[in-house]
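User: I'd like to learn how to read a few features of a model. Could you take me through them one by one?

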Amino acid sequence: MVNKRIDEPTGTETVGHEWDGIEELDTPMPRWWLWTLYLTIVWGIVYVILYPAWPLVDKATEGVLGWSSRGELAKEMSAVDQARVTVREELSRIPIERLPENSGLFAQAVAGGRSAFQVHCSQCHGSGAAGSQTLGYPNLNDDDWLWGGDLKAIEYTLVNGIRSPGVDDTRASVMPPFEGAFEAAQLNALVDHTLSLSGKGSRNALGAQTYEDNCSVCHGLAGEGNRELGAPRLNDAIWLYGSSREQIRQQILNPKMGRMPHWSGRLDPVTIKMLSAYVWSLGGGEEFVEVADDPTVEVDEEP
Amino acid sequence: MKNRDPGRASSARPRREGENRDWSVVVEDGRAKTNEPVSGAVAEPEATTLRHEPHEPPRQQLPTKLFEKRTKVHNKRIDGPFRRFKWFVMFVTLAIYYGTPWIRWDRGPYAPDQAVLVDLANRRFYMFGIEIWPHEFYYVAGLLIMAALGLFLVTSAVGRAWCGYACPQTVWTDLFQHIDRFVDGDRNARMKLDAAPLGPKKIAKRTFKYTIYLVISFWTGGAWIMYFADAPTLVRDFWAGEAASAAYITVAILTLTTFTLGGFMREQVCIYMCPWPRIQTAMMDEKSLLVTYKDWRGEPRGSVKKAKKDPEKFGDCIDCLQCVAVCPTGIDIREGPQVGCITCALCIDACDKVMAEVGRPRGLIDYATLEDCEKEANGEATRPPWKALLRPRTIAYFLIWGSIGLAMLFALGVRSHVGLSVTPDRNPPYILMSDGSVRNSYTLKLRNMESRPREMEIELQGLPGAVMWTDTIGREAAGRMQIKTVPTDQVLAVRAYVIVPEGADTQEFSFRVTSRDEQRESVVTEARFDTPEGSE
């Protein structure tokens, strides 16, 4: 059926087929198009030689340049780390109570702490560090601190944890359960007295007596708490486990006590310092009172 | 295209009727073309925009090629009022382009001293006494709108004056054409050299010419980057190899584009690449000034000798082709208004010179509106060209253009140089403090747009009983007002803690920032205070 001929008006050969009288011209490709095709072929060969190209069973061919996207990422990561080195070195050298004096470094530490907080702390304390009353995780934005709210105390808590098993220096204390210790009326009076410390309930003699006998050792006579023992203030507006009568009763009879893991060994000291600075900066941070009394700190010590 | 009525055309034919002339019709692109003069003077109004056959004798066969091969333009040197004006515009525009980055402007110790600077790295745009921040980009948008309207204004008033005198493509093409003339000689010498075989002399001349092209192109690309950094520093860094790679890439690209567009493509850019001529053709009408050939006066063409023999038969055009020879885009203006004409008016200079030599009145090719051309052809009185500028359309464009400019100047004059944005913390929305009071946290951004550090006071408005402190001072220093020093020409982020006593409702209030200097510039931004009580 092939019937090639030269088309008169154009002078081009036909492809030799005819469909209902319609013939197709066998016009050659434009030269530029062909050159582009050849160029892409050359480019393809060069690419296959230089870069990873052929997929094999567990990986692809490596290519002469040895380039890989993972390698590229590693390079970028190390470049970022390099850029951070100076800040981290400075941070490791400065004692934490002196950090606020260096506002630039402090801002860097807060920024680093913010991102570390999202990774390591937000699971319990929340991404805004507001904690959770239902689950008993304290709010870190307020001015109420169970174990102390200056930079050093916060850092100590982070390093050693709270009631963290297997850590010698962990913050530890136990509130004994008073299940079965009180009669119903006595317990009611005690709850009333506890609420009255922050002006919410009525004072009564029985409750005051019970409180003095059983609670004031740790929580203080006026409910002012004790940070040495992590005994919460009872005369303020913040109730970690709730301020309803039922919640207070539950807490007396069968107390909940929070735990926090220690971070030494899991996070490096600089990251812990940055986290401390961040938590301190949330708005409730307390001044470190001893900083003025302790001028012997060697700031310029070489590492 | 409707065919013209031959009877009507002949009855309207003007004074000189070339009886011996060949009036045969040639069909080209589906349109009948003759040697008959076509203009508003002799035909329907639309005929003013028709091209008429320039060739004598007319073409005999249909053109079969769809591709128009480029014929290189070798424009001849000419002198005259328009050429001098073109020199002047070229000098001014090039001086502005190359010189502006080197103008200094003292802004005090905290800001760059370059008069015009687009500081991309710091996101500032300096223009003499004006400094624009990114959030004020609408000023730049306004400038662009003004530039567009300015082009409309110029086009409706004086036609394609932009194309003819001020367009960078025109200016640089002109510059490169002068280089051609300087190296290779005038029109005839250049044509001869082009046709000559490649020999040592031609190679030497070409090398020399392209070197000059390259130097100009490089200088053009180099001048561009000066607008984006401190010029003297950048020049030093550039040659020391320390400038940013973007600088080298930009210079390379602009050198290449200047070299090709100005050195080689030239009028091809105007005719085929640039959209502006097409837009302009839609914006011009019979009242716009343009460079036009008064064909009723010039046609039929004949040499001086022929005209002497038979003065009744020929028009003023002696067919010397000087108008074609001087044209930088290589067109024949006698074909009528056309997209290739950039209205540089060099043909007017050329024709006036020839008319003076042969003792005929000037202005066979002249700036005129098509309306006036028609009047002139019919022997009616015409207005001077400058009167063509004053008509409702141009005045309307000018008023719009001017009012945008005035509005921007006014806005610039009264704008505040302080700013405040408030971002409340939403996680958590409020914090209960141990004494029962409620705290909200806000990130305030204080903007100081002056070239000096400024003390600013942040003040609470509304929110009874509230006090505020910031991240750099303690709660013991809390008060209704805090003072911060905002560094020069920067935004200072301040964490503000606002606390209200127990029992407050969620409510609206506002922060007011006031500069503590003689200006006392002030700005108020609203915010919301959240409490556990909810809103009233």
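Analyst: With 12 C-beta neighbours inside 10 Å, Trp67(A) counts as exposed. The rule is that a residue is buried if 20 or more other C-beta atoms lie within 10 Å of its own, exposed if 12 or fewer, and partly exposed in between, with C-beta atoms placed from the backbone. Keep in mind that this is a predicted model, where local features need pLDDT of at least 70 and side-chain atom pairs count only at pLDDT 80 or more, while totals for chains, interfaces and linings use all residues. Residues are numbered from 1 along each chain as its sequence is written, and chains are lettered from A and ligands numbered from 1 in the order in which they are written.

User: Where does Trp67(A) lie in chain A?

Analyst: Trp67(A) belongs to the loop between α1 (31–50) and α2 (69–93) of chain A. Helices (H or I, at least four residues) and strands (E, at least two) are DSSP runs, numbered from the N terminus. Tyr51(A) is 16 residues from Trp67(A) in sequence, and their C-alpha atoms are 6.3 Å apart. Chain A has ten helices and two strands, and 26% of its 303 residues count as buried.

User: How do I read a pair of packed helices?

Analyst: Two packed helices are described by the angle between their axes and the distance between the axes. Here the axes of α2 (residues 81–99) and α5 (residues 168–184) of chain B come within 10 Å and cross at roughly 110 degrees. The axes are lines fitted to C-alpha atoms, for helices over the stretch in contact, and angles run from 0 to 180 degrees between N-to-C directions. α2(B) and α5(B) are therefore roughly perpendicular to each other; angles under 35 degrees count as roughly parallel, over 145 as roughly antiparallel, 65 to 115 as roughly perpendicular and the rest as oblique. On the α2(B) side the contact uses Lys86(B), Met90(B), Thr93(B) and Leu94(B), and on the α5(B) side Val171(B), Asp174(B) and Leu175(B). Contact means that the C-beta atoms of two residues, placed from the backbone, lie within 7 Å.

User: And what about a nonpolar core?

Analyst: In soluble globular proteins, nonpolar side chains tend to be buried together. A nonpolar core is a set of buried Ala, Val, Leu, Ile, Met, Phe, Trp, Tyr and Cys residues joined through C-beta atoms within 7 Å. The largest one has 43 residues, and Val291(B), Leu346(B), Cys347(B) and Ile365(B) have the most contacts inside it. α15(B) gives the most to this core, with six residues. Leaving aside neighbours within four places in sequence, the contacts of Ile365(B) include Val291(B), Tyr293(B) and Cys347(B).

User: Which backbone features deserve a look?

Analyst: Most residues other than glycine have a negative phi, and most peptide bonds are trans. In this model, the peptide bond from Asn427(B) to Pro428(B) is cis, with omega near 0 degrees. Pro428(B) sits in the loop between β8 (418–424) and β9 of chain B. Phe128(B), not a glycine, has a positive phi of about 50 degrees, and its place is in the loop between β4 (124–127) and β5 (130–132) of chain B. Leu321(B) also has a positive phi, near 65 degrees.

User: Is Leu321(B) exposed, partly exposed or buried?

Analyst: Leu321(B) counts as partly exposed because 15 C-beta neighbours lie inside 10 Å.
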